[in-house]
Amino acid sequence: MTLDGPTLATFRRRAFDLRIDNLDAIASAQSGHPGGTLSAMDLLQTLFFLEMRHRPAEPHWADRDRFVLSKGHAVPALYTVLAHAGYFSRELLPTLRHLGSPLQGHPADFLLPGIEASTGSLGQGFSIGIGMALASKLDGDKFRTYVMIGDGESQEGQIWEAAMSAPKFGLDNLCVILDHNKIQLDGSVVEIMNIEPFADKMRAFNWNVLTIDGHDYPQIAGAFAEARAAKGKPTFIVAQTIKGKGVSFMEGKVAWHGVAPNKEQLAAAVAELRAAQALVKEAA
Amino acid sequence: MAGDGTPAGLASRDVILTVASRDVIPGVASRDAFGDALARLGETHPEVVVLDADLAESTRSRKFAKKFPERFFDMGIAEANMLGVAAGLSLAGKIPFCCSFACFITGRFDQVKMSICYSATNVRIVGSHCGVAIGEDGYSQMGLEDIALMRTLPTMSVIQPADDLETVGAVEYLLAHKGPAFLRTTRQKLDRVNKDGYVFQFGKGVTLVDGNDLTIVATGGTVGPAVKAAALLAKDGLSVRVINIHTIKPIDVELLAKAARETKRILTIEDHQITGGLGGAVCEALAEREPVRIRRHGIPDVFGESGTPEALYAHFKLDAPGIAAVARDFVG
């Protein structure tokens with residue numbers, strides 16, 4: 001699939017449906033991390049509806065591309081995208097974080113098709129993705145591996161162990177995306193423990209580094225295509241994003257890192273997203 | 001500080017300094033048996049991959065690395081990443097053997113827990129240099145808490161072979177085992193306690209010596225000394241049973257319960273902290289099944305320290321005379 005006019009229009013409309021279902025699930029759980037799900041959503045939609053080779057009806061297809069959500073707390077966004085892609089029913093989404101649900105608060109690969117790794121203890125998914133990419137290289141490079149990390153997560157030492165190791169093995173089948181929303185639980189990333197200049201750091205670690213707007217679909221798609229074309233080096237995409245993207249009272253707010261919206265807040269968020277979606281439809 | 005001026009937890013000086021001579025110990029270290037077996041089995045098992053963290057020479061994964069360089073990954077001195085990469089390799093269908101010193105694995109417990117066990121991967125963690133028996137390098141390099149930690153993790157199995165035959169059997173077994181496993185290997189050479197043709201049975205203890213007055217339950221490098229201790233005790237007229245527990249999790253409750261019923265006393269021997277190690281595992285199993293008097297003998301909630309392996313085994317009473325003395329005191 002290419003990101004032609006009609007596809008792009010569909011992506012822009014779906015972006016609102018995904019955000020609404022995601023917030024609805026978090027509200028149903030009355031716990032979760034809205035900010036980091038909304039910042040990651042456009043990247044995730046592009047991965048699962050455009051970039052990755054995968055078969056929702058055959059989730060264990062051996063040659064499928066792998067996606068590892070290293071910033072595991074954003075998993076409601078991934079659940080939502082997987083449901084919309086056809087891995088399981090959307091009706092499961094409101095069971096998020098409820099006792100007995102396969103939709104655990106953080107990803108559990110053995111409970112749900114489409115979840116490739118169990119994460120949530122930050123820093124670990126990056127390494128797991130490298131292992132998958134190494135396995136692919138050993139077996140004739142039949143699939144690519146995508147990993148999404150957070151910027152707060154990048155304060156973990158293991159992120160830098162992983163960053164050192166992937167270029168050593170020439171993993172050009174690996175693409176790591178930084179959801180750079182600049183806010184973590186206790187405050188802004190710059191204030192808590194500055195990780196800048198991130199792109200420079202990754203270049204110094206011998207990665208192919210791209211910087212994009214993580215909410216601009218053509219830019220996202222272009223970066224993934226560039227990553228696929230790059231040979232001999234893994235690609236690192238610094239995706240500049242907005243925490244809470246799409247809901248004005250959540251955007252850029254530390255308070256919305258890890259708090260679920262109540263009924264009224266959910267209604268306000270959904271109303272705003274529907275109104276914005278209507279404008280996009282009109283423009284199309 | 002302890003009363004004699006040594007740091008709390010360390011042995012007093014005079015005990016250490018009385019042991020000087022160094023006997024040549026026969027046998028094969030389980031790390032060597034492991035390295036040889038892995039390099040051999042790599043030929044018939046292309047799904048086996050090996051990772052190490054700059055200790056390939058010490059863990060003996062080097063033998064595999066030389067033979068199959070494309071399936072060997074030196075991850076540098078970065079164990080957390082190594083464990084995660086191993087998990088990813090397993091999730092994509094490989095059987096990774098992930099090697100380091102046992103003590104450096106326990107330092108990355110969260111990665112073992114989350115990346116390896118929670119997903120029930122097929123990663124085999126090989127923790128070498130276990131126990132005070134590594135000697136001169138001292139406490140920072142000694143795996144003394146690994147059994148206790150690994151045992152708490154759901155899906156994880158814990159294996160510690162007592163000699164070269166058992167090590168080869170364990171490595172062969174692990175090719176087909178489902179789920180994660182921890183294999184504890186030694187730097188020191190081990191007496192052979194099993195006979196030629198030995199068949200490794202996962203989860204089954206091995207009765208090496210029969211007896212009725214006391215059962216010594218030992219694991220790994222202390223099994224050889226335990227067997228010798230039983231011979232010393234026999235001269236005193238004590239009939240001692242010796243059980244080798246190579247699979248510490250899941251432990252052979254049936255065999256232990258039978259021994260408890262028949263000999264009434266259990267003495268556990270291990271080169272590991274007695275808290276949570278083999279001693280802890282045996283107590284947990286028998287307290288619920290066949291409560292009898294148990295004495296746990298091993299590293300008694302203190303740190304290890306530098307010395308020759310022989311001096312340390314004498315100091316901690318893990319050599320044959322030491323184990324025999326502890327047994328006499330227990331039966332007393």
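**Figure 1. Burial and overall dimensions of chain B in the predicted model.** Of the 332 residues in chain B, 56% are buried. The chain holds 14 helices and 14 strands. Its C-alpha atoms fill a box of roughly 55 × 45 × 35 Å along the principal axes. A compact globule of 332 residues would have a radius of gyration near 20 Å; the value for chain B is 19 Å, so the two agree. Contacts between residues at least 6 apart in sequence were also sorted by separation. In chain B, 79% of them join residues at least 24 apart.

**Figure 2. Helix α9 of chain B, a mostly covered helix.** The helix spans residues 164-174. Buried residues account for 9 of its 11 positions.

**Figure 3. Packing of helices α11 and α12 in chain B.** Two packed helices are described by the angle between their axes and the distance between the axes. Here α11(B) covers residues 253-263 and α12(B) covers residues 278-289. Their axes are 10 Å apart, and the packing angle is about 65°. The helices are therefore roughly perpendicular. The crossing of α11(B) past α12(B) is right-handed. From α11(B), the contact draws on B:Val253, B:Leu256, B:Ala257 and B:Ala260. An α-helix has 3.6 residues a turn, so residues three or four places apart point the same way. From α12(B) come B:Val282, B:Ala285, B:Leu286 and B:Arg289. By class, this contact between α11(B) and α12(B) has 7 nonpolar residues, 1 charged residue and no polar ones.

**Figure 4. The side of chain A that touches chain B.** Contacts link 22 residues of chain A with 24 residues of chain B. On the chain A side, α4 (124-138) and α5 each supply at least two residues. Which element gives the largest share? That is α4(A), with 11 residues. By class, the touching side of chain A divides into 10 nonpolar, 9 polar and 3 charged residues.

**Figure 5. Helix α5 of chain A crossing helix α5 of chain B.** In chain A the helix runs over residues 157-168, and in chain B over residues 79-91. The two axes come within 8 Å and cross at roughly 70°. This angle therefore makes α5(A) and α5(B) roughly perpendicular to each other. The crossing is right-handed. A:Gln158, A:Glu161, A:Ala162 and A:Ser165 make the contact from α5(A). B:Ala80, B:Asn81 and B:Gly84 make it from α5(B). These contact residues divide into 2 nonpolar, 4 polar and 1 charged.

**Figure 6. The surroundings of A:Met202.** This methionine, A:Met202, lies in helix α7 (residues 198-204) of chain A. Is A:Met202 buried or exposed? It has 23 C-beta neighbours inside 10 Å and therefore counts as buried. Leaving aside neighbours within four places in sequence, A:Met202 is in contact with A:Ala163, A:Trp207, A:Val209 and A:Phe236. A:Met164 sits 38 residues away along the chain. The C-alpha atoms of A:Met202 and A:Met164 are separated by 9.0 Å.

Terms used
Residues numbered from 1 in each chain as written. Chains lettered and ligands numbered in written order. Predicted model: local features only at pLDDT ≥ 70, side-chain atom pairs only at ≥ 80, totals over all residues. Axes fitted to C-alpha atoms, helices over the stretch in contact; angles between N-to-C directions. Helix = DSSP H or I, 4+ residues; strand = E, 2+ residues; numbered from the N terminus. Parallel < 35°, antiparallel > 145°, perpendicular 65-115°, else oblique. Left-handed = near helix turned anticlockwise from the far one by under 90°. Contact = placed C-beta atoms within 7 Å. Nonpolar A, V, L, I, M, F, W, Y, C, P; charged D, E, K, R; others polar. Rg over C-alpha atoms; globule rule 2.2 N^0.38 Å. Buried ≥ 20, exposed ≤ 12 C-beta atoms within 10 Å, placed from the backbone.
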